[in-house]
Amino acid sequence: MKPINVGLLGLGTVGGGTLTVLRRNAEEITRRAGREIRVLRAAVRNLDKAKALAGDLPLTTNSFDVVDDPDIDIVVELIGGLEPARELVMQAINNGKHVVTANKHLVAKHGNEIFAAAQAKGVMVAFEAAVAGGIPIIKALREGLTANRIEWLAGIINGTSNFILTEMRDKGAAFGDVLKEAQRLGYAEADPTFDIEGIDAAHKLTILSAIAFGIPMQFDRAYTEGISKLTREDVQYAEELGYRIKLLGIARRAENGIELRVHPTLIPERRLIANVDGAMNAVLVKGDAVGPTLYYGAGAGAEPTASAVVADLVDVTRLHTADPHHRVPHLAFQPDQLADTPILPMDEVRTAYYLRLRAFDRPGVLADITRILADSNISIDAMVQKEPAEGEEQVSIILLTHITVEKNINAAIAKIEALDTVAGKVMRIRLEELAAR
Ligand code: HSE
């Protein structure tokens, strides 16, 4: 059978890794795909930089040379960002080409428009590499777990944040210091906002939620809170209480809608996912039939991400000849079967909480705080009061609550902060047991 022809947009870390893996494993990949997957040409920003890696692969600096090339069957978009990636992907689709992309930002923001265009044109858009790098989580949700009603999923889906939290715990270091180290090691971008403020994780969670629940991509409705305000004290107190703090992306089917939220979360240290350290990723999925399943691996890096890109290339190659109506749907559910289940406002989310506050060590302070919680119908699970440091008048009080509604805790926090005996703001971190039931 004649080869299927691929055009690469971008030959950076992931593009380079993709080329390397395709070349190194060419024979096995052909045996799996049923025909050779041949890279015909690549568009790059800097010809000189790309030459050594490209070898005899023809290069261009004009990405439209690739998306408009009539000989190319599959365009692989690895340039990232919204524009010109969106324009190039749409043009490739309009030209009748299949697309493989690792671009989580693009899929989370413009996925609905892109999949509609692909559906109309009868082409495929595959995006395994957009979520959790090399972990085949899209494939697991879309195909392996297709018998299940997915109840919830919770993922460590930003390696940079997980690296920072791990270092804060292991070394007792402050957030700012570890961030600098992460930048030095090349984990965090020079502008690390997307990683540390939970935006990158929210892109990935948006994609996972669409596939898990059969809903359109709704990035703008995701609640997003990053790790930049966490202190080493919180990490340490959580540890003392038997919990680890992780930046989790959580999507949960609730009674009246779907919770879609990214925030730092206390999780019991005995859970496997609590022990996912460094820059690694993991996604825990709870299906009604299978129960909890856990997927773990490298969430970034040249070859781990290339592993997902090449898997998509093989999938697209295998399905290329299948009638578009009988292919695996982009978002797991048939396009006319997407549900309009609402994403819940954050006020309606139900979870437990870790609260840390500074109070003057005087009679009645604890009574005032516990009364406020009781009046808001919030039940306390655990409480610790730390001795004041030498010469200090204030003590740290740490409370764990049972599950409540976010709006109740917000109201209680406002009342606690208004007490004369409480200093400053209450630190609030959400807590999830992530139990099988
Ligand atoms: N910036 C991402 C992370 C890399 O830290 O996980 C891949 O999406």
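User: What should I know about the numbering and the model before we start?
Analyst: Residues are numbered from 1 along each chain as its sequence is written, and side-chain values use heavy atoms, with hydrogens and water left out. The model is predicted, and local features need pLDDT of at least 70, side-chain atom pairs count only at pLDDT 80 or more, while totals for chains, interfaces and linings use all residues.

User: Why is α14 called roughly antiparallel to α15?
Analyst: Look at the angle: the axes of α14 (residues 365–375) and α15 (residues 406–418) cross at roughly 155° and come within 9 Å. Angles over 145 degrees count as roughly antiparallel, under 35 as roughly parallel, 65 to 115 as roughly perpendicular and the rest as oblique. The crossing angle therefore makes α14 roughly antiparallel to α15. Those axes are lines fitted to C-alpha atoms, for helices over the stretch in contact, and angles run from 0 to 180 degrees between N-to-C directions. The helices themselves are DSSP runs (H or I, at least four residues; strands are E, at least two), numbered from the N terminus.

User: Which residues make the contact between α14 and α15?
Analyst: Ile 369, Ile 372 and Leu 373 of α14 meet Ala 412, Lys 415 and Ile 416 of α15. Contact here means heavy atoms within 4.5 Å.

User: What makes five of these residues nonpolar and one charged?
Analyst: Ala, Val, Leu, Ile, Met, Phe, Trp, Tyr, Cys and Pro count as nonpolar, Asp, Glu, Lys and Arg as charged, and the others, Gly among them, as polar. By that scheme the contact of α14 with α15 has five nonpolar, no polar and one charged residues.

User: What makes a space a pocket or a cavity?
Analyst: On a 1 Å grid over the protein atoms alone, a cavity is a set of points where a 1.4 Å probe fits but cannot get out, and a pocket is an open set with protein on both sides within 12 Å along at least five of seven lines; lining residues have an atom within 4 Å of a point.

User: What is the volume of the largest pocket, and what lies closest to its centre?
Analyst: About 1,600 Å³ of space lies in the largest pocket. A volume is the space filled by probe spheres set on the grid points, which are joined across faces, edges and corners. Of the 49 lining residues, Val 14, Leu 78, Ile 79, Gly 80 and Glu 189 are the closest to the centre. The lining divides into 19 nonpolar, 21 polar and nine charged residues.

User: And the second largest pocket: which residues lie nearest its centre?
Analyst: Arg 252, Arg 350, Thr 351, Ile 403 and Glu 432 do, out of 24 lining residues. The second largest pocket has a volume of about 500 Å³. β13 gives the most to the lining, with three residues. By class, there are nine nonpolar, four polar and eleven charged residues in this lining.

User: How many cavities of 30 Å³ or more are there?
Analyst: The structure holds two. About 70 Å³ of space lies in the largest cavity, and β9 gives the most to its lining, with four residues. In the second largest cavity there is about 30 Å³ of space, and α6 supplies the largest share of the lining, five residues.

User: How do you know which classes line the second largest cavity?
Analyst: Its lining is Val 89, Thr 101, Leu 106, Val 107, Gly 111, Ile 114, Phe 115 and Val 125. Sorted by class, that gives six nonpolar, two polar and no charged residues.
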